[in-house]
Amino acid sequence: MVGTWQSLAPEVRPSKNPDGTIKAFYLSRTFVYHADDKFELTVTNFGDPNGKAPVARIELAGHMTWSGDHPIAQGAQKVEFVADVAYAVTPLAQPFVDLLNKIATDGYAKWELGKTQSVFGKNFAVFGLTKGQNFKEYDLVYVKHDLMFWGARNGDGRGFDKEDNRPTNLQIPLERKP
C-alpha cells in the first residue's frame, strides 16, 4: 500500500442537509500511505458531478489502526483513520467562504478564497469537528490489482463515526500513482 493513490474520477457520496434530507456530495481524493501507518489525505469537494466547480480542499494527516478482517472480501481489513497530525480547510468557492465567515468564526481568521486555515483541534461544525477531539473514521481497506477500495458511504448519509456505522460495501477505488 505504500505510495500515492488517487481517485479515478469524481466520486458521489450521500450526505445530509441540515434538515436531514439526503443530498449528493461530490469529491476526489489523493491518499498517501507511509510504511509506519501514517497517512496524508487530500479531498477536493465539488459542486457538480463532473468535478469542474471546486468548493473546498480538505487536508488531513494522521495514523491508521488496523482492526482485523472485514467480511466484504477476502483480504479486506477494518481500519480506523485518525487525523491526529493535521486537519486544514481551503475554501475554493466564494459562497463557501461566505458561509464559513458566518458559522466558523470562533478561533479563526477571516476566511478568504484560496487561503488555508487549520481546523485541527478546533470546533468546526461544518464538518462535525469538536474542540479537543481528533477526527476519526471506522472504515475498511481492500487492495486488489493496484486499486485501493475504501468503504462506500451509508445510503442514509451517516458518517463512519462509530463502529456500528463502519461500511459494509466497497466504493469507487483509488488507483496507484507512479
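Okay, let's start with glutamate 11, which is buried, with a relative accessible area of 2%. Just so everyone knows, this is a predicted model. Why do I call glutamate 11 buried? Because the cut-off for buried is under 20% relative accessible area, and glutamate 11 comes in at 2%.

So where does this residue sit? Glutamate 11 is in strand β2, which covers residues 11–16. Its side chain makes a 2.6 Å polar contact with the side chain of serine 7. Leaving out anything up to four places away in sequence, glutamate 11 also touches Phe25, Tyr26, Leu27, Arg29, Gln171, Ile172 and Leu174.

Next, the largest pocket. There's about 1,500 Å³ of space in there, and 49 residues line it. Nearest its centre you'll find Ser15, Phe25, Tyr87, Val126 and Phe127. Strands β2 and β3 are among the elements giving two or more residues to that lining, and β3 gives the most, with 6 residues.

Last stop, the largest nonpolar core. Nonpolar side chains do tend to be buried together in soluble globular proteins. Here the core has 29 residues, and Phe31, Trp111 and Phe124 touch the most other members. Elements giving two or more residues to it include β3, β4 and α1, while β6 gives the most, with 5 residues.

Definitions and conventions:
Residues are numbered from 1 along each chain as its sequence is written. This is a predicted model: local features need pLDDT of at least 70, side-chain atom pairs count only at pLDDT 80 or more; totals for chains, interfaces and linings use all residues. Side-chain values use heavy atoms; hydrogens and water are left out. Helices (H or I, at least four residues) and strands (E, at least two) are DSSP runs, numbered from the N terminus. Buried means under 20% relative accessible area, exposed over 50%, partly exposed in between (1.4 Å probe, protein chains only). A polar contact is a pair of N or O atoms within 3.5 Å; within protein, one must be able to donate a hydrogen and the other to accept it, and residues adjacent in sequence count only if both atoms are side-chain atoms. Contact means heavy atoms within 4.5 Å. On a 1 Å grid over the protein atoms alone, a cavity is a set of points where a 1.4 Å probe fits but cannot get out, and a pocket is an open set with protein on both sides within 12 Å along at least five of seven lines; lining residues have an atom within 4 Å of a point. Grid points are joined across faces, edges and corners, and a volume is the space filled by probe spheres set on the points. A nonpolar core is a set of buried Ala, Val, Leu, Ile, Met, Phe, Trp, Tyr and Cys residues joined through side-chain atoms within 4.5 Å.
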